[in-house]
Amino acid sequence: MITPGEAKISFSWLIQNTIQTSQKDLTELLVFFRVLSNSDAINHDKLEYLLDYYSLPETNQKDIFVLESYKKFISKQTEEKENYLNNLSKILDYINDNSLKNKQLLALFRAEMPNLKYEKDEMDSIIKDKLENLIGLQNVKAEIKNLQNLALINKKRKMNGLKTNSIAMHMVFQGPPGTGKTTIARIIGEIYYALGIISRKEVLEVAREDLVAEYLGQSEIKTKKVLEMAKGGVLFIDEAYSLSDSEDDYGKSVINTLLKFMEDHRDDTLIIIAGYTDEMTKFLKSNPGLESRFNTILLFPNYTTDELMEILKKRVKSSDYQIDEEDLLVIKEMISKIKKEEKTFSNGRYIRNMLEKAMKQQASRLIEIDCPTKKDLMTLKIEDFRD
């Protein structure tokens with residue numbers, strides 16, 4: 001027989017630990033108790049005793065929907081799964097006279113346990129399958145892992161009543177084009193979403209033309225619409241330095257609107273600004289508010305020739321093409337020469353464009369052959385890479 005005091009302690013534990021996960025999960029947990037309150041087996045006086053300080057949303061959901069709240073909570077708190085079930089069991093036994101129904105509900109919970117993907121496992125999956133799979137960028141990868149580890153430890157500290165260090169919500173990506181900045185932004189979005197830092201993992205990519213309007217006074221309105229679309233997720237502003245390049249007030253209006261949004265939504269929206277290193281350094285100094293809000297700077301160096309060749313080989317293989325080793329050596333010399341000659345070499349973007357052009361030229365070459373073999377269709381020759 002569960003006493004009111006025991007039930008209250010269990011309920012408080014459940015609420016407090018869910019609050020530490022997210023306010024949204026708390027709402028979903030409370031929906032569960034609203035579902036139970038619609039059951040004839042519930043002792044409503046006992047339920048009200050537990051819920052006297054909490055506002056329950058109306059719902060017509062069925063009992064099984066409580067699993068969604070359970071999954072979200074347990075996936076973030078691996079070590080607490082048994083405590084969750086034990087406390088839930090006590091609450092059910094206290095407010096529900098139907099013991100068979102209680103056992104059925106708990107059976108649903110326990111059945112889900114082996115299938116849950118825990119937060120740490122999800123992080124490891126993102127790191128292994130997406131981040132580590134990228135070529136080069138070792139310093140960037142290391143910094144992202146540091147940010148991930150800080151976020152995970154902060155959660156453990158919070159659960160133990162300790163003070164936590166703030167997570168860097170806004171970042172600067174500095175470096176030449178084609179070095180993986182957009183890809184890294186998407187990976188960070190996935191990591192922060194899995195950690196519960198942001199509520200959406202989508203990355204909204206914009207540039208100056210998406211923020212600056214044709215007439216003075218309209219840029220603020222245009223920027224606010226973009227920020228509203230990005231709220232809760234990731235906003236990626238490419239070539240952000242262009243906002244302070246001109247002498248007009250259009251870009252300044254965008255920056256001021258951006259800074260105010262960052263202050264109002266500093267805990268739920270990640271903003272990343274990107275561009276060339278020198279230009280971005282100058283941009284950050286153009287407004288005192290920018291430097292103070294963007295305190296994490298990731299440097300994206302040019303890819304080495306060997307790394308560019310790895311990117312090329314990877315793209316070729318994933319597209320079901322092949323290149324002979326002798327031709328690869330010639331292509332490597334071509335890339336090395338172009339890297340030295342072009343001041344604004346576009347790195348991975350150059351490789352992608354070069355490969356797409358080679359595929360088109362191969363197609364034009366093969367169309368003259370009546371019956372090309374499978375090997376013909378797969379093989380890119382050095383002539384396909386020449387202008």
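**View 1. Helix 15 passes helix 16 in a right-handed crossing.** A crossing counts as right-handed if the near helix is turned clockwise from the far one by less than a right angle, and as left-handed if anticlockwise. Helices here are DSSP runs of H or I with at least four residues, strands are runs of E with at least two, and both are numbered from the N terminus. This is a predicted model, where local features need pLDDT of at least 70, side-chain atom pairs count only at pLDDT 80 or more, and totals for chains, interfaces and linings use all residues. Residues are numbered from 1 along each chain as its sequence is written, and side-chain values use heavy atoms, with hydrogens and water left out.

Two packed helices are described by the angle between their axes and the distance between the axes. Helix 15 (residues 305–318) packs against helix 16 at about 130 degrees, and their axes are 10 Å apart. Helix 15 is therefore oblique to helix 16. Angles under 35 degrees count as roughly parallel, over 145 as roughly antiparallel, 65 to 115 as roughly perpendicular, and the rest as oblique. Axes are lines fitted to C-alpha atoms, for helices over the stretch in contact, and angles run from 0 to 180 degrees between N-to-C directions.

**View 2. The contact of helix 15 with helix 16, residue by residue.** From helix 15 come Thr305, Asp306, Leu308, Met309, Leu312 and Lys313. They meet Leu328, Ile331, Lys332, Ile335, Ser336 and Lys339 of helix 16. Contact means heavy atoms within 4.5 Å. By class, this contact of helix 15 with helix 16 has six nonpolar, two polar and four charged residues. Nonpolar covers Ala, Val, Leu, Ile, Met, Phe, Trp, Tyr, Cys and Pro; charged covers Asp, Glu, Lys and Arg; polar covers the others, Gly among them.

**View 3. Helix 11 packs against helix 12.** Helix 11 spans residues 218–230 and helix 12 spans residues 250–264. Their angle is about 40 degrees, and their axes lie 9 Å apart. That makes helix 11 oblique to helix 12. Helix 11 passes helix 12 in a right-handed crossing. On the helix 11 side, Ser219, Glu220, Thr223, Lys224 and Leu227 take part. Their partners in helix 12 are Tyr250, Ser253, Val254, Thr257, Leu258 and Phe261. The contact of helix 11 with helix 12 divides into five nonpolar, four polar and two charged residues.

View 4. Strands of a sheet pair through backbone hydrogen bonds, either parallel or antiparallel. Two strands pair if DSSP finds at least two bridges between them.

**View 5. Strand 1 pairs with strand 4 and with strand 5.** Strand 1 (residues 170–174) runs parallel to strand 5, joined by four bridges. Phe173 has Leu298 as its bridge partner in strand 5, and Gln174 stands opposite Leu299. With strand 4, strand 1 pairs over five bridges in the parallel sense. There, Phe173 has Ala274 as its bridge partner, and Met171 stands opposite Ile272. Five of the five residues of strand 1 are buried. Buried means under 20% relative accessible area, exposed over 50%, and partly exposed in between (1.4 Å probe, protein chains only). His170, Val172 and Gln174 point one way from strand 1, while Met171 and Phe173 point the other way.

**View 6. Strand 4 is mostly covered.** Six of its six residues are buried. Leu270, Ile272 and Ala274 point one way from strand 4, and Ile271, Ile273 and Gly275 the other way. Strand 3 pairs with strand 4 over five bridges, again in the parallel sense. Phe236 stands opposite Ile272 in strand 4.

**View 7. Glu239 and Asn347 in their loops.** Most residues other than glycine have a negative phi. Glu239 has a positive phi near 50 degrees. Glu239 sits in the loop between strand 3 (234–238) and helix 12. Glu239 is partly exposed, with a relative accessible area of 42%. Asn347 has a positive phi of about 50 degrees. Asn347 is in the loop between helix 16 (325–341) and helix 17 (348–366). Asn347 is buried, with a relative accessible area of 0%.
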